[in-house]
Amino acid sequence: MGIIFGWLPTEHYVRDIILMTLLAAIVATLMSIRFYLRITAGRCFTETKMEGKTVIITGANSGIGKETAKDLAGRGARIIMACRNLETANAVKDEIVKETNNSKILVKKLDLGSQKSVREFAADIVKTESKIDVLIHNAGMALAFRGQTSEDGVELTMATNHYGPFLLTHLLIDLLKKSAPARIVIVASELYRLSSVNLAKLNPIGTFPAAYLYYVSKFANIYFARELAKRLEGTRVTVNFLHPGMIDSGIWRNIPFPLNLPMMAITKGFFKTTKAGAQTTIYLATSDEVANVSGKYYMDCKEATLNAAALDEEKGLKIWEESLKIVKLTPQEPKI
């Protein structure tokens, strides 16, 4: 009887094969997720020209604001870049002019975290501009752990992301109505679902971690947009708001080392580019499909749904009324 010597794998060999298989499966899954995110990202296919249109874009010196400004300038729009950092904004302006051959680009100072700056910017616009066709509330900020307080005594993330746009809209509303049909586009975020707006703490100084307030401010944007749309019914000024997607942009720059390392890997690998992130903003600013649509939420250039909490009109009204107090709107300033 012959003897057959079979080869039996060692324990280490089996373990290595299992680990390699698991690693390959993880890599394949991650690549599949990345591919799915890329192909399902909305894209604005409208070729609407914007000659003769004046568009204000806050935070137009970087991220999706810059890409929005570049796209609309390429369509012939006159762009007012409302930015806090004038040096960066002017460099971006030169870049856009060179790339689009559109010299109708203006840079104006606006720090949304300062009510004084908002009022000065609005007064300048009302004095120098005959119309506003599109107002895009794009600028936003996020802190990491410890919050900051604005010069007005307001928590800085909320001041910049919610109260600044709220005040600016009031101060420009008469010019927007005069310019009708006009559009207001507000960049919100799906991250609102991770938060709630505490009516007893609408100036949430001392909240830890401060990053949570980014989510809260985006929720406040949604309440603001829905209430604003109701108040502007019949004026031919529409209001729509959007989730741009998770974007590889400067909004994450305040995450400290070493927590920023895995965040960088995630943003570079799976988040949208700023160009892709700007598509829904561009769609809402230009598309004839939404010319008569107001009060709606969009994602990837399509209407999206909100959770039940975001549909609470009574809460939205209370936030509006308290916001009026926080921005200290005077009897002489425009009302909505």
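User: Before we start, what does buried mean here?

Analyst: Exposed is over 50%, partly exposed lies in between, and buried is under 20%. This is a predicted model, in which local features need pLDDT of at least 70, side-chain atom pairs count only at pLDDT 80 or more, and totals for chains, interfaces and linings use all residues. Residues are numbered from 1 along each chain as its sequence is written, and side-chain values use heavy atoms, without hydrogens and water.

User: How many residues of α2 are buried?

Analyst: Helices here are DSSP runs (H or I, at least four residues; strands are E, at least two), numbered from the N terminus. I64, G65 and L72 are among the buried residues of α2. The helix is mostly covered, and of its 12 residues the buried ones number 9.

User: Which residues of α3 meet α2?

Analyst: Contact means heavy atoms within 4.5 Å. On the α2 side, the partners are K66, A69, K70, A73 and G74. Across from them in α3 sit V92, E95, I96, E99 and T100.

User: Is R84 buried or partly exposed?

Analyst: R84 lies in the loop between β2 (78–83) and α3. Leaving aside neighbours within four places in sequence, R84 touches K109, L110 and D111, and its C-alpha atom is 4.8 Å from that of D111, 27 residues apart along the chain. Because its relative accessibility is 47%, R84 counts as partly exposed.

Notes: Buried < 20%, exposed > 50% of the residue type's maximum accessible area, 1.4 Å probe, protein only.
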